[in-house]
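I opened my notebook to look over a structure that was new to me, and I wanted to write down what I looked up in the order in which I went.

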There are 2 protein chains.
Amino acid sequence: MAEQSKKWVLMVTAQTPTNIAVIKYWGKRDENLILAINDSISVTLDPAHLCTTTTVAVSPAFDQDRMWLNGKEMSLAGGRYQNCLREIRARASDVEDEKKGIKITKNDWQNLHVHIASYNNFPTAAGLASSAAGFACLVFSLAKLMNVQEDNGRLSAIARQGSGSACRSLFGGFVKWVMGKEENGSDSIAVPLVDEKHWDELVIIIAVVSSRQKETSSTSGMRETVETSALIEHRAREIVPKRIIQMEEAIQKRDFPTFAQLTCSDSNQFHAVCMDTSPPIFYMNDTSHRVIGCVEKWNRSEGTPQVAYTFDAGPNAVLIARNRKAATLMLQRLLFHFPPNSDTDLNSYVIGDKSILKDAGIQDIKDVEALPPPPEIKDKVPAQKYKGEISYFICTRPGRGPVLLTDESQALLNPETGLPK
Amino acid sequence: MAEQSKKWVLMVTAQTPTNIAVIKYWGKRDENLILAINDSISVTLDPAHLCTTTTVAVSPAFDQDRMWLNGKEMSLAGGRYQNCLREIRARASDVEDEKKGIKITKNDWQNLHVHIASYNNFPTAAGLASSAAGFACLVFSLAKLMNVQEDNGRLSAIARQGSGSACRSLFGGFVKWVMGKEENGSDSIAVPLVDEKHWDELVIIIAVVSSRQKETSSTSGMRETVETSALIEHRAREIVPKRIIQMEEAIQKRDFPTFAQLTCSDSNQFHAVCMDTSPPIFYMNDTSHRVIGCVEKWNRSEGTPQVAYTFDAGPNAVLIARNRKAATLMLQRLLFHFPPNSDTDLNSYVIGDKSILKDAGIQDIKDVEALPPPPEIKDKVPAQKYKGEISYFICTRPGRGPVLLTDESQALLNPETGLPK
C-alpha cells in the first residue's frame, strides 16, 4: 500500500434483486459449502420493488470489519459471512484510484478492513428472501470494490456460501442453480436461462400473510427434512430432474400452462416433504390454503391457468399472473376475499406497481367493499371474508440482476468516515 | 317360503365400532371393488363411545329395500350399498324360526326386501369414520339376519366394497387390511393382529376441531392423489410395506416409542401426499397444526413419546396416549391451550370416558382456567389461547369388534311394523 494519508475511504454501492424459486431448493448435500441435493430454477423480482442496496467501503483507518443492516450494526462473526469475505479477499486484485491517490495491491486486501451497510427496500423479517438478495449484494459489491476479475457465475458460487438461494440473485430473468458434482462446490453455480425481457408479460403479486406463528428457519428445516423424510430423496433424484427440463422448456417457449402447472406442483411438493419431516414442518397456514383455493378455483373456471402460485419457507403467497389482465382480475379476487382491516390505508395495502390497482378500477377502500363476488364462486359466496389475514400485497414483475449505483448520493456510508449516513 | 301370515318381521340388531388407521389407507387400485394400493393398520375404538348400531329386518310385507340413518330415510340406490346387499344376499342360507313359524330358504332371500335402521352414537358429519362403522355394521347385521356362513374376515371383504376402511371395523383391537393380489378382491380382507386386551394401557383422546371449510371427500381425494401425485406410488410401493412390518412388531411388543414414531410419521406422510396432489388437498388446518406442535413439544421434553397423533381426511386429531397417566397430562395440556368457549359446558366439552377428566383434577370450567402452562413451554407461554378452536374432546380406548345385541329393546325398528321406532 502506498504511503498515503490514512484518511481515504474507497466505496462501492450496488443493488441486487431478490428471487423466488419456481422449482424449489430444499436440502443440502454439504452444510458448510451449501451444496444442494437438486437443481432449482427461480425468477428474479424487479429490484424497484424488492431489492437490497449495499455499500461496501475500505479504508486504512478501519480497524475491523463491520456491518450494518437497515441502520443497525450486526455481527459478521457467523461462518457464512466469514466464508464470503474470505473467498472474495482471496480473489482481490490491484486497485488504483489516481484522482484520490489510492493504490491497493492484491496482497493489501488481506490486511484492510471493510465496512458494509445494507438496506432492504422491503420488510426484512417478512419471509421475502431477504438473505438471498443480501448475500448476493454483499458478494457483488465486495467483488467490485476489490476488483475481483470473475464473472457473475463464479461470484454466484461465493454468494451461495452465504445463503444457497443467494446465488440465483446474481442474474435477472429466470435463473437456474446447477447443483454441480464437485466436492468443493466449484461447479455449483447459477446460470442465467433467459433475461427479464424474454417473458415480460408476467406480473407478480406477493400476498404477505399476517402470521403469529414462529417459523422453522429454512436452514434447520431442510436439514431435518434430509435427515428424516422418507420422500425427499425420491423427490431430489427422480422428480426434480425431470421437472427442471420441463420448466426450462416452458420458460423458453413462454408456455404459461406448463409453467403454472410445474410451479404450483413443485411448491406443493416442497411443502409436502416439509410435512413428511419429523417433527413435521408447516410453513403454509389456513390463509395460504385459502389463497391457493381462490387461485385453483379461478384457473379451473377459466379452463387454462391464469395464475401460478408458489410459497417459500413461510405463509406468503407469490402469485405469477400470465399477463396484466390476469393480474388485474387476480387482484380483484384477492381484495374481494381478503379486504384490509378497517384501519388500513389502501395505499399501504397494495404497494409496488400500483398501476395494477388502477387497472382493477380500485381507487379507495369503497371500491374494495363494492367488489362483486367473482363469477366462479357465484353459487357459494362465502358468508365471511378473511379481513386482516393479509398484511399487504406487493405488485411487481420479473426484474434485472445486480447493478452498480454510481451516484454517490445513493451510498449508505459516509464517504469521509465510512460510517452509516 | 312357507305359506304363512304376511305379518311376520324378523330382525337382527348389531353394534359395530369405528376405527382409526395408524398406517394409512390412501389410494385405490380398483375403484369399484375398493382395492387399496397398500396395506393399512388400524386400532378399533371402544364402541361405548363411538359406534354404529344397526337393526336389519326382513318381512314379506316389505315392498322395497329401505334405510334410515339417524332416523332419517336415505337412498340405497348408491353402488356401494347395492354391492353390499348383493354380496350378502348371494351368501344367504336357510333361516328357520320355529317359535314365530318363519321359514326362509336360501332362494327366498333374492325376493325378500329388507329394512335397515342405523344410528351413530357420535356426530355423523364430524369426520369420525362414520362410514367405516356404518358399512361394517350393515354387512355384519345383514349377514346374521340372512344366516351367512362366513367368518368376519370374509365379511370384511364385503364391507370393504361399501367403504374401504369399513373392513377393519369387523374386528377389535389392532387390525390389518391386507391389500391382496387377486383381481376380484377376494384376498383383500381384514385380519385381526391382536385383540383389544393385548395393549389395554392405551388411552385415546379425539379432538374434534371446529371447521368452517368444506372438505374434499376421501373418495375423490384419494382418486386425485393416485392420478396426480408424483410421490404416492413411491409411498405405496417402497415406504408403507416396511412400515407395516415395523408397526406389526411394535404392536406385538407394545413398543410405544416405535408405535408413536410410525403413527405420527405415517399420518404426516398421508397429508404430505394429499398436499402433493393437483390441486392440493388440505385436510389439516391451523388448529390441527397447533395440536401437533403441542404434542411434539411435550414428547420432546419428556425424551420419549408419551402420545402419538394421527389425522384422517379432516382436521380432527386422534391422540393415542401410552397410558392413563400420559392421557391425563395430555388432556391438561389440551385444555390449557384450547379452552372451551365461555358458553360451553365442560360436561359437553369432554365426553366419553370422563374419568380421565377426573384424574386430571378438573371438575368445572374454573379448573380449566386455573391450569398452569405446561412446563415445556414455560419460557414462551403463548400470549393467546386458542379458545373455541376445538368443538369437544372424546376420551376413549381401543375396543372390541362387532357384537349382536339380543335385547330387543335396543332394536331401532319396530318388531311389528319393521319401521323406525
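**Entry 1, the two copies.** I note at the outset that this is a predicted model. I superposed the chains and found that chain B can be laid on chain A with an RMSD of 0.0 Å, by a turn of 180 degrees and a shift of 0.0 Å along the axis. That is the relation of a two-fold axis. Looking along chain B for the C-alpha nearest this axis, I came to Ala272(B), which is 2.1 Å from it.

I then asked how many residues of chain B are in contact with chain A. I found 30 residues of chain B touching 30 residues of chain A, and 100% of the interface residues of chain B are also interface residues in chain A, so the copies meet through the same surface. Together the two chains bury about 2600 Å² between them, with 58% of it on carbon and sulfur atoms. My search for salt bridges across this interface gave zero, while the search for polar contacts gave four residue pairs. The elements that give two or more residues to the side of chain B that touches chain A are α5, α6 and α7 of chain B. I sorted the residues on that side into twelve nonpolar, ten polar and eight charged.

I next turned to His337(B), which lies in helix α8 of chain B and is buried, with a relative accessible area of 11%. Among the residues that His337(B) touches are Cys294(B), Pro374(B) and Tyr386(B).

In chain A, a cis peptide bond joins Ser278(A) and Pro279(A), with omega about -10 degrees, and in chain B a cis bond joins Ser278(B) and Pro279(B), with omega about -5 degrees. Pro279(B) has its place in the loop between α6 and α7 of chain B. I also recorded Asn70(A), whose phi is near 50 degrees, a positive value; Asn70(A) lies in the loop between β7 and β8 of chain A and is partly exposed, at 34% relative accessible area.

Technical notes: Residues are numbered from 1 along each chain as its sequence is written. Chains are lettered from A and ligands numbered from 1 in the order in which they are written. This is a predicted model: local features need pLDDT of at least 70, side-chain atom pairs count only at pLDDT 80 or more; totals for chains, interfaces and linings use all residues. Side-chain values use heavy atoms; hydrogens and water are left out. Copies are superposed by least squares on the C-alpha atoms of residues with pLDDT of at least 70 in both. Contact means heavy atoms within 4.5 Å. Buried area is the accessible area (1.4 Å probe) that two parts lose on being put together, summed over both. A salt bridge is a side-chain nitrogen of Lys or Arg within 4 Å of a carboxyl oxygen of Asp or Glu. A polar contact is a pair of N or O atoms within 3.5 Å; within protein, one must be able to donate a hydrogen and the other to accept it, and residues adjacent in sequence count only if both atoms are side-chain atoms. Helices (H or I, at least four residues) and strands (E, at least two) are DSSP runs, numbered from the N terminus. Ala, Val, Leu, Ile, Met, Phe, Trp, Tyr, Cys and Pro count as nonpolar, Asp, Glu, Lys and Arg as charged, and the others, Gly among them, as polar. Buried means under 20% relative accessible area, exposed over 50%, partly exposed in between (1.4 Å probe, protein chains only). Lists of a residue's contacts leave out its neighbours within four places in sequence.
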